[in-house]
Amino acid sequence: MDPHRRGRGGTSRGSSAAEFAIKHYANPRRISLLSSPTTSSASAEPLLLVEKDDENQIPKAPRLHSSSWSADFVTHNEDLLAQILLFLPPKSLLRFQSVSKQWLSIISSPGFRRMHSRKYRSAGSSFFVLDSCVDDPPLNFISLRQEDVKLMGTITSGLNDFLDGGLVLNMHSCNGLLCIDVSFELTFFNEDRRLLVYNPTTDEYRTIPREKSAQDQSEGVNIVFDPSKSHHYILVSALVVNEDEDEFRFTVYSSETGLWSETAAKFEHDGDRYYFEKGAYWNGDLHWVSVSSGTLCFDLDNKRLRPVIPHPSTPSVEWRDICYFGESGGDLYLIGLDKPQAMLWKVYSLKRDYSGWVVKYSIDVASLVTFYPSMVVEEESNEKHFDLHMPCFVVDEKEKKAMPVILLRCKVISYDISDMTVEELAEIDSSHLEHAFSFRAPKYCLVDAVQHTETLACI
């Protein structure tokens, strides 16, 4: 089955950056938490993103002069030219396809694309955001790099256009490929529910056939794509076995065979919910987290479950909340609150032999609260708690940086915990703020955020 490719352009409900709920600042301001709020540059009013031509932000195609012996030699040696092109990022290669028929032939060939996806690794500093405002539009984005804001706006607009009229039930990503579970309502009692694998970089997608009766049993479908191991991807689906929803079975789809296969893996739990729709691919396996029981690992090679890995021991009986669970910078991280008013959050990483968790970082929340007191909410019962989302935790080993991305009620910030510096990335459009309870201030209700990385991988 050939993948479909859509052309960008035309109009769509997400075509204007002003329609996005998350509006990135043109000049993100940085705040040192080591200074006082009164003397900080935080009082400066940032400007909102202004659309501008990014022609100069994208590398120009090199000019090949016939008088240059070196250029002529490279031009007539396709193997050498292909090796040079492998070092370029995907967005440049997609543009360079228009240089000549020769370049188009090389860059668009499946062999080159597979080799490029294996060699090239994007930094992964942008995220698709799925929020509770499903009408217009269902998807937004967060970008940590200002130079990627316009590109991400174009990609997200195209994805919203592609999903126009559909309700995104779940979205999962792995190394540049998205798995989207979307429902299109046909009539009041009838729906068209589709499972799609989509490459936002190349704008290609494939519809995945569902198992019989699996649609109503699915608790989540995860995609696993590791170009260092194979140019094929697999989907792992967790299905409810009985109506009590305390037993699950697992099936696997392979893009190589185009078929679903049943596994012998089954799992029973005692009522604690596992987030099967938010699996994390790490150490060659797929992992799911629960609030209090621990982490479940699915052995992809043997199609079986490993024993549950308990959460790190905490002063309280059970974890109060999971702020973040996922892979970043080569490690699997767990960030949670063990006390409602804990002011120092510990970031745990899992040992590669699965023997336990270790403290990798600490996050000083007290300094954040000083600058952003709205983080703390007092309930009618006078109990205080943190009111925020942490959709992303980005670790850059080369730069020696670890940054949680935090959604406050109407603002998106990143916090570099190494030098205690905050960067205010974006604001939330007031029309997308919701009132959860009458005594709470309006907030942005995020459902999920999945990482975007560039890849030329074929689907």
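## Close-up views

**View 1. At 18% relative accessibility, R193 is classed as buried.** Buried means under 20% relative accessible area, exposed means over 50%, and partly exposed lies in between (1.4 Å probe, protein chains only). This is a predicted model: local features need pLDDT of at least 70, side-chain atom pairs count only at pLDDT 80 or more, and totals for chains, interfaces and linings use all residues. Residues are numbered from 1 along each chain as its sequence is written, and side-chain values use heavy atoms, with hydrogens and water left out. R193 makes a salt bridge with D181, their closest N and O atoms being 2.7 Å apart. The two partners, twelve residues apart, link distant parts of the chain: R193 belongs to strand β8 and D181 to strand β7. D181 is buried as well, at 5%. A salt bridge here is a side-chain nitrogen of Lys or Arg within 4 Å of a carboxyl oxygen of Asp or Glu. Helices (H or I, at least four residues) and strands (E, at least two) are DSSP runs, numbered from the N terminus.

**View 2. E424 and R29 join in a salt bridge.** Nitrogen and oxygen are 2.4 Å apart in this pair. Here the partners are 395 residues apart: E424 sits in strand β27 (residues 421-428), and R29 in the loop between β2 (22-24) and β3 (30-32). E424 is buried at 2% relative accessibility, and R29 is buried at 15%. The whole structure holds 17 salt bridges.

**View 3. Salt bridges link K91, R145, E147 and D148 into a network.** Within it, D148 and R145 pair with their closest N and O atoms 2.8 Å apart. D148 is buried, at 10%, while R145 is partly exposed, at 35%.

**View 4. Four strands form an open antiparallel sheet, in the order β10-β11-β12-β13.** β10 (218-225) and β13 (259-268) are the edge strands, each pairing on one side only. Neighbouring strands are turned by 20° against each other on average, direction ignored; the axes are lines fitted to C-alpha atoms, for helices over the stretch in contact, and angles run from 0 to 180 degrees between N-to-C directions. Two strands pair if DSSP finds at least two bridges between them. Seven bridges join β10 to β11, and I223 stands opposite L235 in β11. β11 (residues 233-240) and β12 (residues 247-254) also pair over seven bridges, with R249 in β12 as the bridge partner of L239. Seven of the eight residues of β10 are buried, so this strand is largely enclosed by the rest of the structure.

**View 5. Helix α6 covers residues 149-162.**

View 6. Buried or partly exposed: which is N175, and which is D203? N175 is partly exposed, at 31%, whereas D203 is buried, at 2%.

Notes:
The expected span of a helix is 1.5 Å times one less than its number of residues.
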